[in-house]
Amino acid sequence: MGTFLLSLLLIAAHAIVTQGTAQYAGCPIFTPNDYYNERVDNARVDAHSQQYILGALDAGNTGGFWAAAPAAEFINIADERTPRVVVHEKVPYHHFHERFPWAPDFRISPLLDAHAMVVDVHSCRLYETYDTSYDGQLSAYSGAVWDLRRPFVPLSPGTPSSMASGLSIFSGMIKWEEVQAGHIDHALNWTPPAGTAAEYDFVRPASYTDGHPFNGRTPYALPYGAHLRLKRSFDISRFGPQARVIAQAMKTYGIYLADTGSKGNGLYNAAPLSGEDRWDASDLAALDSIHITDFEVLALPQVQRVRR
């Protein structure tokens with residue numbers, strides 16, 4: 001049986017979501033009350049929340065939110081039979097300390113970031129890379145590995161993952177199976193426009209930044225890893241089913257500042273490996289009515305700074 005067909009069968013058989021702790025392909029997505037799984041609908045708001053929001057607005061974050069439709073991020077499924085390969089390092093300062101499960105028919109995102117994600121359903125380990133290429137050998141700029149059965153462990157300060165923040169793209173991604181089930185039980189990753197977040201500042205669980213200069217005229221620049229929550233007063237009842245599930249997750253679990261992008265306020269959503277487009281672009285378009293001013297910043301941990 002080919003790896004591609006095996007992947008589809010595994011997803012069909014095991015892609016489930018249970019209330020409380022998110023699951024994917026038979027594996028948990030970390031542990032209850034973890035960074036990604038803890039409910040924040042009653043969490044404390046930072047004393048300077050309004051200043052941070054206005055700082056982002058002043059720096060140019062004036063657009064709405066969006067999720068790609070059709071999505072262009074892929075979650076590859078591996079098991080104990082999948083070959084393990086060396087990841088060749090594209091730069092001398094980011095290292096891969098173990099072999100990654102990889103098959104020739106695994107998919108890399110066609111977007112500029114060229115993310116690659118693999119969930120090993122045998123070990124429940126998660127493998128992620130950035131600026132990935134495969135031409136008979138697997139190469140990447142940076143990446144990370146996590147054990148999905150254990151608490152999420154932030155990377156060492158000064159270390160990126162497949163995203164600038166050092167967070168996990170997979171763990172904060174919107175999966176079709178979750179939306180289809182009617183609930184997302186984890187925080188989401190969020191990418192504001194470049195220049196509207198801090199240049200070098202981050203808070204846990206983040207570990208790094210992309211180093212874009214902050215365009216605002218205030219000292220209140222949102223650090224990478226900042227956890228925001230959509231205000232309880234924001235009305236999502238008018239949204240279609242797909243956008244409503246996503247917006248509810250923003251209220252219940254919040255969003256992490258995970259990276260920056262070239263437009264709007266981006267969210268990551270996964271494309272089915274089958275290639276079938278199950279996302280409704282007109283439904284997701286409702287997210288454009290959500291703006292940075294509709295959020296509040298949750299109490300920030302100690303701010304740390306990347307040394308470059």
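This is a predicted model: local features need pLDDT of at least 70, side-chain atom pairs count only at pLDDT 80 or more; totals for chains, interfaces and linings use all residues.
Trainee: In what order do the six strands of the open sheet stand?
Mentor: The sheet is open and its pairing is mixed. Neighbouring strands are turned by 35 degrees against each other on average, direction ignored. The order is 3-17-13-16-15-19.

Trainee: How many bridges join strand 13 to strand 16?
Mentor: Strand 13 covers residues 188-191 and strand 16 covers residues 255-257. They run parallel. Leu188 stands opposite Ile255. The number of bridges is three.

Trainee: What angle does helix 4 make with strand 15?
Mentor: Helix 4 (residues 241-252) packs on the sheet. It touches strand 3, strand 13, strand 15, strand 16, strand 17 (265-267) and strand 19. Its direction makes an angle with that of strand 15 of about 125 degrees.

Trainee: Which strands do the buried residues of helix 2 pack against?
Mentor: In helix 2, Ser49, Tyr52, Ile53, Gly55 and Ala56 are buried. They cover an arc of only 160 degrees around the axis, which puts them on the same side of helix 2. That buried set packs against strand 15 and strand 19.

Trainee: Which residue with a positive phi follows helix 2?
Mentor: Phi is near 115 degrees at this position. The residue is Gly60.

Trainee: Is strand 4 largely enclosed or left open by the rest of the structure?
Mentor: Look at both faces. Glu73, Ile75 and Ile77 point one way, Phe74, Asn76 and Ala78 the other, and all are buried. That makes six of the six residues of strand 4, so the strand is largely enclosed.

Trainee: Which element gives the largest share of the largest nonpolar core?
Mentor: This core has 46 residues, and Leu228, Met250, Leu287 and Ile290 have the most contacts inside it. Elements giving two or more residues include helix 2, helix 3 (176-181), strand 13 and strand 16. The largest share is six residues, and it comes from helix 4.

Trainee: Which residues does Met250 touch, beyond those up to four places away in sequence?
Mentor: Met250 is among the residues with the most contacts inside the largest core. Its partners are Phe65, Leu188, Leu228, Arg229, Leu230, Ile255, Leu267, Ile290 and Phe295.

Trainee: How many residues are in the other core, the one with Trp146?
Mentor: This core lies apart from the largest one. Leu148, Leu167 and Phe170 are also among its residues. The count is 30.

Trainee: How many residues apart are Arg217 and Asp58?
Mentor: Their side chains meet in a salt bridge at 2.3 Å, N to O. Arg217 is exposed, at 76% relative accessible area, and Asp58 is partly exposed, at 28%. Arg217 lies in the loop between strand 14 (201-202) and strand 15, Asp58 in helix 2. The pair links distant parts of the chain, 159 residues apart.

Trainee: Asp79 pairs with Arg81 in a salt bridge. Is Asp79 buried or exposed?
Mentor: The N to O distance is 2.9 Å. Arg81 is exposed, with a relative accessible area of 61%. The value for Asp79 is 5%, and under 20% counts as buried. So Asp79 is buried.

Trainee: Which parts does the pair of Lys90 and Asp131 tie together?
Mentor: The side chains meet in a salt bridge at 3.5 Å, N to O. Lys90 is partly exposed at 36% relative accessible area, and Asp131 is partly exposed at 28%. The tied parts are 41 residues apart in sequence: the loop between strand 6 (87-89) and strand 7 (100-101), and the loop between strand 9 (125-130) and strand 10 (133-134).

How values were computed. Residues are numbered from 1 along each chain as its sequence is written. Side-chain values use heavy atoms; hydrogens and water are left out. Two strands pair if DSSP finds at least two bridges between them. Helices (H or I, at least four residues) and strands (E, at least two) are DSSP runs, numbered from the N terminus. Axes are lines fitted to C-alpha atoms, for helices over the stretch in contact, and angles run from 0 to 180 degrees between N-to-C directions. Contact means heavy atoms within 4.5 Å. Buried means under 20% relative accessible area, exposed over 50%, partly exposed in between (1.4 Å probe, protein chains only). The arc is that of the directions from the helix axis to the C-beta atoms. A nonpolar core is a set of buried Ala, Val, Leu, Ile, Met, Phe, Trp, Tyr and Cys residues joined through side-chain atoms within 4.5 Å. A salt bridge is a side-chain nitrogen of Lys or Arg within 4 Å of a carboxyl oxygen of Asp or Glu.
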